Amino acid sequence: MRKASVELARLIACLLVIGVHVSLSTVVNDTYDASRLLSACLVADGVAIFWLISGFFMFNTKSYWKLLKRTFKNIVIPMIIFLNFCFFLSGYLVDRTSLAVSITHTGEDYLNLLKGFFSWNVVVSCSGHLWYLMVYFVVILMFPILKAYVDSIKQDVKKQKLFLIISAMLLIFNDISANTMAEFSHHSFNGAIPAAIFFVWGSIIYQHREAIKTKISFVKCVILFVGLNIVRLLIILNRQGHDYSYTNILYWYSFLGLICALCIIFACMFLINDNKESKINRVICWLSSYTFGIYIVHMLVVIMLDRYSISKYILEYVTGKIGGAIGEYFYTIVMILLVFAISLCIIIVVKIIKELALKIVNKR
């Protein structure tokens, strides 16, 4: 049974991920633009929310084999289909080559695919954002170890608190070192280690969500989220040009990213009553059910809007009507909603085609 509060957080996470990819460059004339950097801070934590939500429910799984089968069916197959689509058609759709040129590849192209696979990198055009799934697969391989640990501390609050404190200190020390201590990244085990930490945080936080909610409020969540992002902004602005520039605190694997993600999740829990049936709750759950597909295709949509100068036209139109930073913020919101809407339509059409194909196959 889907919980609308969690699905709202998942939906917001999806919008934030799109926001990262449609945001204007934070650097203008070799220095940070403060208003754009603040915008980048505000949309930075979508991936952290996804990791935490995965931790909410992942450890309820009892069969590792069933988890692997579900992962292959629901994640690996859609990813492979999308990668093949981009590999053969991105040249035609994005680079405007002929269809024949787009689907034709050299032996070197296939060799690069193989090299990418063995280095655990996504090397297909328009698919770089799928690093998240590559890291997710590594976490899934580590799942039996993580589950054994989570189960061992599930009934021991002291051990849970110890984990939260030690892992928080690890993230803080790594942030202070400008990520030179742990060297977290968006690749393989360098991404899977912080992701696993977030998984366990998600499991613990969700277990004690009701107790935590008694100590905070929606307003406190919003104030803390905004305040931490202003802190982020000021630190990055102050440290630009230094060896320890601290741009790492803009990424999901930072301690600030973790706390900001939790603020969004708990704000959603305050906004939505999961025990009450409502049309809004049903709409949220319906939209959220498409977020994985939207995540898969959204980068292709973003790139196509850019290559066909649609995003440029929208920027010129919006900033022409509304000048300054407000206009740029409005542009970012418009682009997020546009990319989300187009991606949603694509996934709905794909779903309809899939259902029709299954009906035809079943009739035969």
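Student: How many cavities of 30 Å³ or more does the count come to?
Tutor: Keep in mind that we're looking at a predicted model. A cavity here has to be a spot where a 1.4 Å probe fits but cannot get out. By that rule, the count comes to one.

Student: On to the pockets. Which residues lie nearest the centre of the largest pocket?
Tutor: This pocket has a volume of about 2000 Å³. Its lining runs to 47 residues, and the ones nearest the centre are Asn74, Pro78, Ser289, Phe292 and Gly293.

Student: Which helix supplies the largest share of that pocket's lining?
Tutor: Six names come up here: α1 (4-22), α3 (46-58), α4 (64-93), α7 (131-141), α15 and α17 each supply at least two lining residues. By class, the lining divides into 29 nonpolar, nine polar and nine charged. The largest share, 12 residues, comes from α4.

Student: α1 and α3 both turn up there. How are they oriented to each other?
Tutor: Packed helices are described by the angle between their axes and the distance between the axes. For α1 and α3, the axes are 8 Å apart and the angle is about 150 degrees. Since angles over 145 degrees count that way, α1 is roughly antiparallel to α3.

Student: And is the crossing of α1 and α3 left-handed or right-handed?
Tutor: We have the angle of about 150 degrees already, but the hand is a separate matter. Where α1 passes α3, the crossing is left-handed.

Student: What about α15 and α17, how do they sit relative to each other?
Tutor: The axes of α15 (residues 291-307) and α17 come within 8 Å and cross at roughly 120 degrees. The hand of this crossing is right-handed. An angle of 65 to 115 degrees would be roughly perpendicular and one over 145 roughly antiparallel, so α15 and α17 are oblique.

Student: Asp30 has a positive phi. What is its value?
Tutor: Most residues other than glycine have a negative phi. Asp30 sits in the loop between β1 (27-28) and β2 (31-32), and it is exposed, with a relative accessible area of 77%. Although it is not a glycine, its phi is about 65 degrees.

Student: Is Glu183 buried or exposed?
Tutor: Glu183 is another non-glycine with a positive phi, about 55 degrees. Look for it in the loop between α9 (157-176) and α10 (188-207). Its relative accessibility is 51%, and the cut-off is over 50%, so Glu183 counts as exposed.

Student: And Ser203, buried or exposed?
Tutor: Ser203 is in helix α10. Its C-alpha lies 10.0 Å from that of Gln160, 43 residues apart along the chain. With a relative accessible area of 12%, under the 20% cut-off, Ser203 is buried.

Student: How far apart in space are Ala211 and Phe225, C-alpha to C-alpha?
Tutor: Ala211 is in helix α11 (residues 209-213) and is partly exposed at 45% relative accessibility. Phe225 is in helix α12 (residues 218-239) and is buried, at 14%. They are 14 residues apart in sequence, and in space the separation is 20 Å.

Student: Then how far is Phe225 from Leu256 in space?
Tutor: Phe225 and Leu256 are 31 residues apart in sequence. C-alpha to C-alpha, the distance between Phe225 and Leu256 is 9.3 Å.

Conventions. Residues numbered from 1 in each chain as written. Predicted model: local features only at pLDDT ≥ 70, side-chain atom pairs only at ≥ 80, totals over all residues. Heavy atoms only, no water. Helix = DSSP H or I, 4+ residues; strand = E, 2+ residues; numbered from the N terminus. Buried < 20%, exposed > 50% of the residue type's maximum accessible area, 1.4 Å probe, protein only. 1 Å grid on protein atoms, 1.4 Å probe; cavity = no way out; pocket = protein on both sides within 12 Å on 5 of 7 lines; lining within 4 Å. Points joined across faces, edges and corners; volume = space filled by probe spheres on them. Axes fitted to C-alpha atoms, helices over the stretch in contact; angles between N-to-C directions. Parallel < 35°, antiparallel > 145°, perpendicular 65-115°, else oblique. Left-handed = near helix turned anticlockwise from the far one by under 90°. Nonpolar A, V, L, I, M, F, W, Y, C, P; charged D, E, K, R; others polar.
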